[in-house]
Amino acid sequence: SAQGISEDCGKYNSWQSMAVLRERYAAGKVLEAQCEKDCSAKECTPKKLVNSAGEDRCNVDFSYCSVPFVYRNDAGKHYSTLSDQGYNLEADVCTDDSYKVTDS
């Protein structure tokens, strides 16, 4: 508030018990281990439509995957990835459920 910034307290009221936090943490570690072995499951590559420089793009998070790999759809369109990070790909990637990670 000293800087004139104020937020409703409800924005920060997201407390959870330690048991719930441990369970969520463990679930994330299980997914991380599964995706490191086989990143073809959709849960391993979450997608989100974003606007980048005035253009719609599909941000795909490959941080669970081991590199290198190819991200390909059933029509044969593909993206070669060399890093386990997020990439802003064409917007249609977010609507095409046939995209998945395959070996390079």
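How many helices and strands does the protein chain have? With that settled, in which strand does D56 lie, and which residues is D56 in contact with, leaving aside its neighbours within four places in sequence?

Author: The model is a predicted one, and its protein chain has one helix and six strands. Read from the N terminus, the order of elements is α-β-β-β-β-β-β. Of the 104 residues in the chain, 20% are buried. The accessible surface of the chain comes to about 7,500 Å², and carbon and sulfur atoms account for 50% of that surface. Among contacts in the chain with a separation of 6 or more, 51% join residues 24 or more positions apart.

The part in question belongs to an open sheet of three strands, ordered β1-β2-β5 and paired in the antiparallel sense. Its edge strands are β1 and β5 (86-90), each of which pairs on one side only. From one strand to the next, the twist averages 40°. In general, the strands of a sheet pair through backbone hydrogen bonds. Within this sheet, β1 and β2 are joined antiparallel over six bridges, and in this pairing V50 stands opposite R57 of β2.

D56 itself lies in strand β2, which spans residues 55-61. The residue counts as partly exposed because its relative accessibility is 42%, a value that falls between the limits of 20% for buried and 50% for exposed. Beyond its neighbours within four places in sequence, D56 is in contact with L49, V50, N51 and A91. With N51 there is also a polar contact from side chain to side chain, at 3.4 Å.

Not counting residues up to four places away in sequence, V60 touches T45, P46, K47, Y71, Q85, G86, Y87, L89 and V93.

T45 is placed in the loop between α1 (18-37) and β1 (47-52), and it is classed as buried because its relative accessible area is 7%, below the 20% limit. Leaving aside neighbours within four places, its contacts are C39, V60, D61, F62, C65, Y71 and V101.

The remaining strands form another open sheet of three strands, in the order β4-β3-β6, with antiparallel pairing. Here β4 (78-81) and β6 (100-103) have a single partner strand each, so one side of each is left without a neighbour in the sheet. The twist in this sheet averages 30° from one strand to the next. β3 and β6 pair antiparallel over four bridges, and F69 has D103 in β6 as its bridge partner.

In sum, D56 is a partly exposed residue of strand β2, with a side-chain polar contact to N51.

Notes:
Residues numbered from 1 in each chain as written. Predicted model: local features only at pLDDT ≥ 70, side-chain atom pairs only at ≥ 80, totals over all residues. Heavy atoms only, no water. Helix = DSSP H or I, 4+ residues; strand = E, 2+ residues; numbered from the N terminus. Buried < 20%, exposed > 50% of the residue type's maximum accessible area, 1.4 Å probe, protein only. Contact = heavy atoms within 4.5 Å. Areas by Shrake-Rupley, 256 points an atom, 1.4 Å probe, with all protein chains shown as cover. Polar contact = N/O pair within 3.5 Å; in protein donor to acceptor, adjacent residues only side chain to side chain. Pairing = 2+ DSSP bridges. Axes fitted to C-alpha atoms, helices over the stretch in contact; angles between N-to-C directions.
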